[in-house]
Amino acid sequence: MKMRKIPNILFIAIIILFFAIRIYLSLNLYIKNYPIWGDEMLLSQSITAQTIFKSLIYLPENQTAPPLFIFFTYLLTSLFGINSYILRFISFAAGILSLFAFLFLAFKLLKNKLAILTALFLFVINIPLLYYTNEFKQYSSDVVISLALIISYNYISRNLTVKKTLLYCLIAFLSIVSAFPSLYIILLIIVLKLFEEKIHPKQLIYIISTIVCAAGYVFFVFKNCIQTLNKLHEWQEGYLSFTLNSLQTIFSNFFSYYNFDALIGSIFLFIGVL
């Protein structure tokens, strides 16, 4: 039995509804202005308690953040003062922009309207994403920049010329110093390009040199920030091992956390797969 096609008006209306829900939830959290907690406080003090030049090279208290995130945080706090609204504004704005970026990517990758709505719905109800849109951390901007990088690949990679390569190098550099996960996405894009079409050696040099420069800076920041192996050991303990018991715990906590939303999301996911 074939499913009826979703009318365009209904399709657009549902997208607007999903956007309205997510923006309302994000704005509601932002306006409530929950108190700054310890990790946010350490990061804000690490950035604002020293000059911008020192912050770009080294952050104390074992803190890390992308250089452009540090720069815009320093700029906003210098112009408007230090308070939770200003500190969390970048994350809040990035969270809203990520909605548009994700929808755009969904239209590019998915041809079925129900699949697009399912993907968007799961993105909207994603509690961790919503949480980090209202926390002074770079994770929300990581999402929108990563999505933008994936989108840019479909345009810049076509008929790669020297000018397009230089443009992509600029985007690659800005992305890496804005979001650390960008490095992995860019490396994957280069690998895909090598298999798709021939690249002139000069173009490859442009790309690699940009990544090496940006990645070198990123790792320099990490090297100065991470002081002891004990800290790395503490971080490693935060990851769950892939055992049957851990997966069962994740599944149980997922439904306990989401409650009714998890059931609805699972139904949508099942329908989308079908």
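Ser 146 is a buried residue, at 13% relative accessible area (buried means under 20%, exposed over 50% and partly exposed in between, with a 1.4 Å probe and protein chains only). This serine sits in helix H8, residues 139-156, where helices (H or I, at least four residues) and strands (E, at least two) are DSSP runs numbered from the N terminus. Leaving out residues up to four places away in sequence, Ser 146 touches Pro 181 and Ile 185; a contact here means heavy atoms within 4.5 Å.

A word on the ground rules. The model is predicted, so local features need pLDDT of at least 70 and side-chain atom pairs count only at pLDDT 80 or more, while totals for chains, interfaces and linings use all residues. Residues are numbered from 1 along each chain as its sequence is written, and side-chain values use heavy atoms, with hydrogens and water left out.

Zooming out, the chain has 14 helices and zero strands. Of its 274 residues, 39% are buried. Among contacts with a separation of 6 or more, 73% join residues 24 or more positions apart. The chain exposes about 16,800 Å², and carbon and sulfur atoms supply 72% of that (areas come from the Shrake-Rupley method with a 1.4 Å probe, and for residues only the protein chains shown count as cover).

Helix H4 turns up in several of the features. Two packed helices are described by the angle between their axes and the distance between the axes. H4 and helix H5 (residues 84-109) pack at about 145 degrees, with axes 9 Å apart; axes are lines fitted to C-alpha atoms, for helices over the stretch in contact, and angles run from 0 to 180 degrees between N-to-C directions. The crossing of H4 and H5 is right-handed, a term for the near helix being turned clockwise from the far one by less than a right angle, with anticlockwise giving left-handed. On the H4 side the contact is made by Phe 69, Phe 72, Thr 73, Leu 76, Thr 77 and Phe 80, and on the H5 side by Ile 86, Leu 87, Phe 89 and Ile 90.

Thr 73, in helix H4, counts as buried because its relative accessibility is 3%. Apart from neighbours within four places in sequence, Thr 73 is in contact with Ile 47, Leu 87, Ile 90 and Phe 136. The C-alpha atoms of Thr 73 and Phe 136 are separated by 9.6 Å, although the two residues are 63 apart along the chain.

H4 also has a surface side to its story. Leu 75 lies in this helix, residues 67-80, and is partly exposed at 35% relative accessible area. Together with Phe 71, Phe 72, Leu 79 and Phe 80, Leu 75 forms a nonpolar surface patch with about 510 Å² of accessible area. Patches are made of residues with over 30% relative accessible area and no salt bridge, with like charges joined within 9 Å and nonpolar side chains (Val, Leu, Ile, Met, Phe, Trp, Tyr) within 5 Å.

At 1% relative accessibility, Ala 65 counts as buried. Its contacts, not counting residues up to four places away, are Leu 43, Leu 59, Ile 70, Gln 138 and Phe 180. From Ala 65 to Tyr 139, 74 residues along the chain, the C-alpha separation is 9.5 Å.

Next, the charges. Side chains of opposite charge can pair when their charged atoms come close. The whole structure holds two salt bridges, each defined as a side-chain nitrogen of Lys or Arg within 4 Å of a carboxyl oxygen of Asp or Glu. In one, Asp 39 pairs with Lys 137, the closest N and O atoms being 2.9 Å apart. Asp 39 is in helix H2 and Lys 137 in the loop between helix H7 (127-132) and H8, so this pair links parts of the chain 98 residues apart. Asp 39 is partly exposed, at 24% relative accessible area, whereas Lys 137 is buried, at 5%.

Arg 88 and Glu 40 make up another salt bridge, with 3.0 Å between the closest N and O atoms. Arg 88 belongs to helix H5 and Glu 40 to helix H2, so the pair ties together parts 48 residues apart in sequence. Both Arg 88 and Glu 40 are buried.

Finally, a backbone detail. Most residues other than glycine have a negative phi. Asn 33, a residue other than glycine, has a positive phi, near 55 degrees. This asparagine lies in the loop between helix H1 (8-32) and helix H2 (38-48) and is partly exposed, at 28% relative accessibility.
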